Amino acid sequence: IIHAVSVQSIVLALLSTLFNKKIKLIAALTGLGSLFLAKSIKDKVIKFLLMIVLVIGLKKKNLKVIVQNKDDEKFVNKNLFCSKSKIAIIRGSGVNIDFHKFQSEPSYPPIIISYVGRLIKDKGIEQLIEAFKLAFKSNKKIKLLLVGSFDSKNPRPISKNFLENTIKNDNSIEYIGEVKDVREIWRISHIAILLSKREGLPKSLLEAAAAGRAIISSDVPGSREIAVNSINAETVQLDDINGLTKAILYLAKNHKVRKNYGLKSRKLVESDMSEDQVIMKTLSLYKSFH
């Protein structure tokens with residue numbers, strides 16, 4: 001069995017097993033990536049060619065496809081013409097709920113809102129900073145932490161110069177960079193935020209939810225699996241700066257809502273997104289070949 005993760009690996013695995021029917025293949029489409037969001041002519045051509053390879057390749061008999069959410073299941077079924085019988089939904093890569101324990105939120109101000117992830121445009125960094133600055137004008141007791149690395153190889157990167165110029169002389173926004181133990185970020189944070197344009201099932205929100213944090217998220221495929229509006233999260237439409245500003249201000253001033261959302265976040269992760277459950281489902285998929 002070959003277990004290929006992400007589009008590039010899947011394409012390579014499909015090509016390498018093209019004439020070998022005995023090799024079984026699991027194609028894990030963990031989110032459809034920045035390529036499927038890009039609008040340049042070059043990326044559209046690459047996307048078209050990849051789609052052709054995937055449509056043909058997913059016809060392989062000894063093959064199963066893993067997706068992380070219902071939106072991706074629908075995409076693979078309708079757009080890649082893959083039979084539903086070949087598709088399995090395993091919600092996320094899993095999170096170790098014993099390692100990422102529930103943590104009560106800090107009782108001291110300011111209200112800290114944390115973004116954890118790569119600094120790229122498709123994660124909504126520009127919109128996040130714009131909305132946060134608007135929210136800060138109304139509530140000076142909030143702070144934004146940006147945690148993660150720059151990704152210059154991404155088709156739509158955020159540059160270091162852009163970030164430095166944007167947050168220069170602004171004490172309400174702090175760039176932390178990469179951290180060794182993300183639990184320390186959630187320990188000091190009140191709210192987790194992610195404004196991606198598309199996800200598989202975001203690991204950063206899984207870990208934040210495991211820690212018992214309320215969430216602000218864009219209402220997009222993948223993210224909506226772990227960020228459920230009015231249950232454990234405030235969700236907003238893409239590029240809705242006004243709605244995002246309101247969501248920040250609403251959660252920042254409502255401790256009881258944050259506490260309730262945080263408890264629901266933890267329960268959501270425990271339901272079927274723990275690492276143990278993901279491993280069991282994956283092993284079960286391996287055994288289904290025999």
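Let's start with Arg156, which counts as partly exposed at 28% relative accessibility (buried means under 20% relative accessible area, exposed over 50%, and partly exposed in between, with a 1.4 Å probe and protein chains only). Before going further, keep in mind that this is a predicted model, where local features need pLDDT of at least 70, side-chain atom pairs count only at pLDDT 80 or more, and totals for chains, interfaces and linings use all residues. Residues are numbered from 1 along each chain as its sequence is written, and side-chain values use heavy atoms, with hydrogens and water left out.

Back to Arg156, which forms a salt bridge with Asp122, the closest N and O atoms being 2.7 Å apart. A salt bridge here is a side-chain nitrogen of Lys or Arg within 4 Å of a carboxyl oxygen of Asp or Glu. The pair links distant parts of the chain: Arg156 sits in the loop between strand 6 and helix 5, and Asp122 in the loop between strand 5 and helix 4, 34 residues apart. (Helices, H or I with at least four residues, and strands, E with at least two, are DSSP runs numbered from the N terminus.) While Arg156 is partly exposed, Asp122 is buried, with a relative accessible area of 5%.

How many salt bridges does the structure hold? There are 13. Side chains of opposite charge can pair when their charged atoms come close. One case to look up is Arg91 with Asp272, whose side chains meet at 3.1 Å, N to O. Arg91 lies in the loop between strand 4 (87–89) and strand 5 (111–116), and Asp272 in helix 10 (residues 255–272), so this contact ties together parts that are 181 residues apart in sequence. Arg91 counts as buried, at 18% relative accessibility.

Glu270 pairs with Arg266, with 3.0 Å between the closest N and O atoms. Both residues lie in helix 10, four residues apart, which is about one turn of the helix. Glu270 is partly exposed at 38% relative accessible area, whereas Arg266 is buried at 12%. Elsewhere, Asp71, Asp219 and Arg224 are linked in a network of salt bridges.

Now for the rings. A pair of aromatic rings is described by the distance of the centres and the angle of the planes. The structure holds two aromatic pairs. In the pair Phe132 and Phe136, the ring centres are 6.2 Å apart and the planes are at 25°, so the pair is stacked. The rule is that rings of Phe, Tyr and Trp (its six-membered ring) pair if their centres lie within 6.5 Å, and planes under 30 degrees apart count as stacked, over 60 as edge-to-face and the rest as tilted. Phe132 and Phe136 are four residues apart in helix 4 (residues 125–138), so about one helical turn separates them. Phe132 is buried, with a relative accessible area of 0%, but Phe136 is partly exposed at 22%.

Phe150 and Tyr175 also form an aromatic pair, and this one is tilted: 5.2 Å centre to centre, with 55° between the planes. Phe150 lies in the loop between strand 6 (142–147) and helix 5 (160–167) and Tyr175 in strand 7 (residues 173–177), so the pair ties together parts that are 25 residues apart in sequence. Phe150 is partly exposed at 26% relative accessible area, and Tyr175 is partly exposed at 28%.

Next, have a look at strand 9 (residues 214–218), where five of the five residues are buried. Both faces are covered: Ala214, Ile216 and Ser218 are on one side, and Ile215 and Ser217 on the other. Strand 9 pairs in the parallel sense with strand 8 (residues 191–194) over four bridges; strands pair if DSSP finds at least two bridges between them. Four bridges also join strand 9 to strand 10 (residues 233–236), again running parallel. Ser217 is the bridge partner of Leu194, and Ser217 stands opposite Thr235 in strand 10.

Finally, the surface. Ile41, Val45, Phe48, Leu49, Ile52 and Ile56 form a nonpolar patch there, with about 630 Å² of accessible area together. Val45 belongs to helix 2 (residues 41–57) and is partly exposed, with a relative accessible area of 46%. Patches are made of residues with over 30% relative accessible area and no salt bridge, with like charges joined within 9 Å and nonpolar side chains (Val, Leu, Ile, Met, Phe, Trp, Tyr) within 5 Å. The areas come from the Shrake-Rupley method with a 1.4 Å probe, and for residues only the protein chains shown count as cover.
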